[in-house]
Amino acid sequence: MVDLTNYGLTPDLIQQNSIGIPARITAVHKERYALICEQGEIYGQLKSSVYYTDSAQDFPTTGDFVMIKYNPDGDSQIIQTLHRRTKFSRSDYSGHAVGYVKTVREQVVAANFDYVFVMQSLNHDLNVRRLERYLALAWQSGAMPVVLLTKADLAEDYEELLKKIEKVAAGVKVHSISAKTGYGLEGLSNYLLPGKTIVFLGSSGVGKSSLVNALAGSEVMQVSNIREEDSRGRHTTTHRQLLMLPNGTIVIDTPGMRELGMWEVSDGIGEVFADVEIYIGNCKFSDCKHETEPGCAVKSAIESGELSLERWESYLKMKQEAKFTAERSFFLRDKDARNKKNVIQNRQKKSNERKH
Ligand SMILES: Nc1nc2c(ncn2[C@@H]2O[C@H](COP(=O)(O)OP(=O)(O)O)[C@@H](O)[C@H]2O)c(=O)[nH]1
Ligand SMILES: [Mg+2]
């Protein structure tokens, strides 16, 4: 029998009113979910009266703990999504038809992880601005980010680069590694703990699957062939997948999250740009716009070289995007709520008309 506590389940996650047995989602297919529960690896489907009603529960995602009604003869029934300790989420603008209402839902793409391995490769992929975004996303999730610079065997001299990255990722550990040679992997042992869940975040081709294989000591994930000249990889990971390494660590390999602009990262920004936000409270005027005002702490920090203009601009850009995303989600949720109200009112009107 599988003990789900080895898969990170803690008793507090199971609510008093929960029925059934707990399980964890290991992969999401179109209409079916792969799960692990005390009976082993099984498949499950959503109970529609729970998930497709107006007060719908969050659809489960990879890493979620759920309650199921176990069926030994076929697909089990998923009846509840349990509280998420951490998550990557974004507004899903595509809209799901729920009853008569097309609704905007939060789309969660991975849940209940302890560490986020933010991965960029030392040979081509390295991009400071993208790293800042990944870090904001990682902080926002509620888990602990760790930066991994991959393919160290392909990089010649990266001391300078490493310094730059360490500055951008203040407060976050930075490791350079090679899945190919094994270089730096022993430095990851602090995170590779039984029952802990690690999610891998990084562009396609950065070496996520290769790292999983190196840590597992066997080919558990398919590795893509890429052209090293431009680092363009083929997307071989087609769905998010959760698996357990031989030492009991759980990893979630994601298929690369490309639409970074759509993520809500407003809280995460404060963490990534803590060094920038220090100055903001120190201006002479509390409503300083950091443009032409006298006594602006930001401007003087830039002038003295304490704060780089590049970093300041990057901060402003991310703030702007976060504002846009937040407003857009609010608008859509608001519209969604109004639609729902209309549908309910119309239904009531119709039923009243029938009664009269
Ligand atoms: N030289 C070298 N190549 C690597 C390393 N890690 C991954 N690769 C190569 O990079 C390509 C993409 O790797 P993959 O693990 O599929 O990346 P993913 O898309 O992030 O999962 C493959 O050709 C790997 O062989 C490494 O540490 N060193
Ligand atoms: Mg992969």
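**Close-up views of a predicted model**

UniProt, in an unreviewed entry, places the feature "binding site" at Cys-283, Cys-288, His-290 and Cys-296.

**View 1. Cys-283 sits in the loop between helix 6 (274-280) and helix 7 (297-304).** With a relative accessibility of 10%, Cys-283 counts as buried, because buried means under 20% relative accessible area.

**View 2. Cys-288 lies in the loop between helix 6 and helix 7.** Is Cys-288 buried or exposed? Its relative accessibility is 10%, so Cys-288 counts as buried. Beyond its neighbours within four places in sequence, Cys-288 is in contact with Cys-283, Glu-293 and Cys-296.

**View 3. Ligand 1 is shown here with the residues around it.** There are 18 of these residues, and Asp-153, Gly-205, Lys-208, Ser-210 and Ser-224 come nearest.

**View 4. Polar contacts of ligand 1 involve Asp-153, Ser-209 and Val-206.** A nitrogen atom of ligand 1 has a polar side-chain atom of Asp-153 at 2.7 Å. From the side chain of Ser-209, an N or O atom is 2.9 Å from an oxygen atom of ligand 1. For Val-206 it is a polar backbone atom that lies 3.3 Å from an oxygen atom of the ligand. How much of ligand 1 does the protein bury? Taken alone, ligand 1 exposes 580 Å², and the protein buries 88% of that.

**View 5. Thr-61 has its place in the loop between helix 1 (48-51) and strand 4 (65-69).** Its relative accessible area is 2%, so Thr-61 is buried. Which backbone oxygen does the side chain of Thr-61 reach? That of Val-108, at 2.8 Å.

**View 6. Thr-86 is found in the loop between strand 5 (76-81) and strand 6 (87-98).** Thr-86 counts as buried, at 8% relative accessibility. A polar atom of the Thr-86 side chain lies 2.7 Å from the backbone oxygen of Phe-113. Not counting residues up to four places away in sequence, Thr-86 touches Ala-110, Ala-111, Asn-112 and Phe-113, along with Ser-141, Gly-142 and Ala-143.

Technical notes
Residues are numbered from 1 along each chain as its sequence is written. Chains are lettered from A and ligands numbered from 1 in the order in which they are written. This is a predicted model: local features need pLDDT of at least 70, side-chain atom pairs count only at pLDDT 80 or more; totals for chains, interfaces and linings use all residues. Side-chain values use heavy atoms; hydrogens and water are left out. A residue is near a molecule or strand if one of its heavy atoms lies within 4 Å of it. A polar contact is a pair of N or O atoms within 3.5 Å; within protein, one must be able to donate a hydrogen and the other to accept it, and residues adjacent in sequence count only if both atoms are side-chain atoms. Accessible areas come from the Shrake-Rupley method with a 1.4 Å probe; for residues, only the protein chains shown count as cover. Helices (H or I, at least four residues) and strands (E, at least two) are DSSP runs, numbered from the N terminus. Buried means under 20% relative accessible area, exposed over 50%, partly exposed in between (1.4 Å probe, protein chains only). Contact means heavy atoms within 4.5 Å. UniProt positions are given in the numbering used here, feature names are shortened, and annotations may be inferred rather than shown by experiment.
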